[in-house]
Amino acid sequence: MLKLIKRQPQWFVAIFAIILVGLYWSLWADDRYVAKATVVLESPQVSAASEVSFGSLLTGDKSDGDLLLLREYLLSTDMLKKVQHELNFRQHYSENGDFFARLGDKDAPIEQLHDYYLKRVAVEMDEYSGVLNIKVQAWTPEFAQQFAKLLLREGESHMNGMGQRLAEEQVQFLDKQVALLETNFQKTRLALLDYQNENGLVSPTQTVENLNTVVSSLEAQLASLKARKSALASYQSARSSDMVRTESEIRALRDQIDKERKRLAQQSGNSLNAVSSQYETLQLRADFAKQTYSNALAALENTRIEAARKLKQVSVLQSPLLPEYPEQPERLYNTSIFAIVVIFMAFIFSMIMLIVKDHRD
């Protein structure tokens, strides 16, 4: 026996290690209870360009990106701190369990504590079904269940807060902009009304168009009278009653045309063309302020809808039940894997020894 051990010590070490590890997993390792939960993230799918309805609010949206964010948060140091604050993570995992599996140092720094936390919490994403599978290991079934429920509650709160933070800032900014644009819109409207009252015209542009129509009509009448005068001059004298009357009508039409043209345009004073030009400028400003104000209101409403859409609800497909039997450690599996690895290493060592002996010979 001693000769065999001296000739092949690697097999002795391998068998001895397998026996020790088997005894640890079989007799010494304490049971760990696993609380499981399966969740999916849903949010209202509201389109800003469509009418808001109850049907759109009830339509869920599954996003792999949001699930990954939730997974990272559940495995983060911040989540560990909340678990420590509410459940006293250090005390539970340092005062329970066997020597190798428990938290060795109750006052371990946060970095070491987080490493241990990752050994007891598993959050895996199922890309096919779009869900998160959460597994929590603890030394008692009650603690495991409380731990898993805390993860679900804090995860939902974090996703809602993260989604709403930016949306609320946008809503506040747009509220201020809408108030400023509404004030500007009221100022432009009042300026337009004051200008109309000052000039006694509701629509100077329409008045100018009407005057142009009148001038055109008078010029047509003047042309007709000139033609009539030419016809009368062919057979009547310049002092005849018809010629005198026609000449008087022509002079009257010319005076009226000049008067109307002076109303439309003149070098000084409030001519209608200047009044109309100023009115159009004020009207353009008022229309622009109205359009800007209307767009800001639409943007504000869309942002509010977006804020509702960014609400994240953690829908629980499987709630964390109270474990009735310990699932960890997997004693036979762990022992078998260890044995296979050790035997494989022993074979490699034996091959190396044979190669070395062959080279010596």
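**Salt bridges and aromatic pairs**

Tutor: Let us begin with Arg71 and Glu72, which form a salt bridge whose closest N and O atoms are 2.9 Å apart. A salt bridge requires a side-chain nitrogen of Lys or Arg within 4 Å of a carboxyl oxygen of Asp or Glu. Please note that this is a predicted model, in which local features need pLDDT of at least 70 and side-chain atom pairs count only at pLDDT 80 or more, while totals for chains, interfaces and linings use all residues. Residues are numbered from 1 along each chain as its sequence is written, and side-chain values use heavy atoms, with hydrogens and water left out.

Student: How many salt bridges does the structure hold?

Tutor: Side chains of opposite charge can pair when their charged atoms come close. Here there are four salt bridges. One of them joins Glu154 and Lys82, at 3.2 Å from N to O. Because Glu154 belongs to helix H8 and Lys82 to helix H5 (residues 77-87), this pair ties together parts 72 residues apart in sequence. Helices here are DSSP runs of H or I with at least four residues, strands are runs of E with at least two, and both are numbered from the N terminus.

Student: What aromatic pairs does the structure hold?

Tutor: Rings of Phe, Tyr and Trp (its six-membered ring) pair if their centres lie within 6.5 Å; planes under 30 degrees apart are stacked, those over 60 are edge-to-face, and the rest are tilted. The structure holds eight such pairs. Among them, Tyr93 and Phe143 are edge-to-face, with 5.7 Å between centres and 80° between planes. This pair links distant parts of the chain, 50 residues apart: Tyr93 in helix H6 (residues 89-95) and Phe143 in helix H8 (residues 141-199). Tyr93 is buried at 0% relative accessible area, and Phe143 is buried at 8%.

Student: Why is the pair of Tyr117 and Phe147 tilted?

Tutor: Their ring centres are 6.1 Å apart and their planes meet at 40°, so the pair is tilted. Tyr117 lies in helix H7 (residues 110-120) and Phe147 in helix H8, 30 residues apart.

Student: Which residues form one aromatic cluster?

Tutor: The cluster consists of Phe89, Tyr93, Tyr116, Tyr117, Phe143 and Phe147.

Key. Buried means under 20% relative accessible area, exposed over 50%, partly exposed in between (1.4 Å probe, protein chains only).
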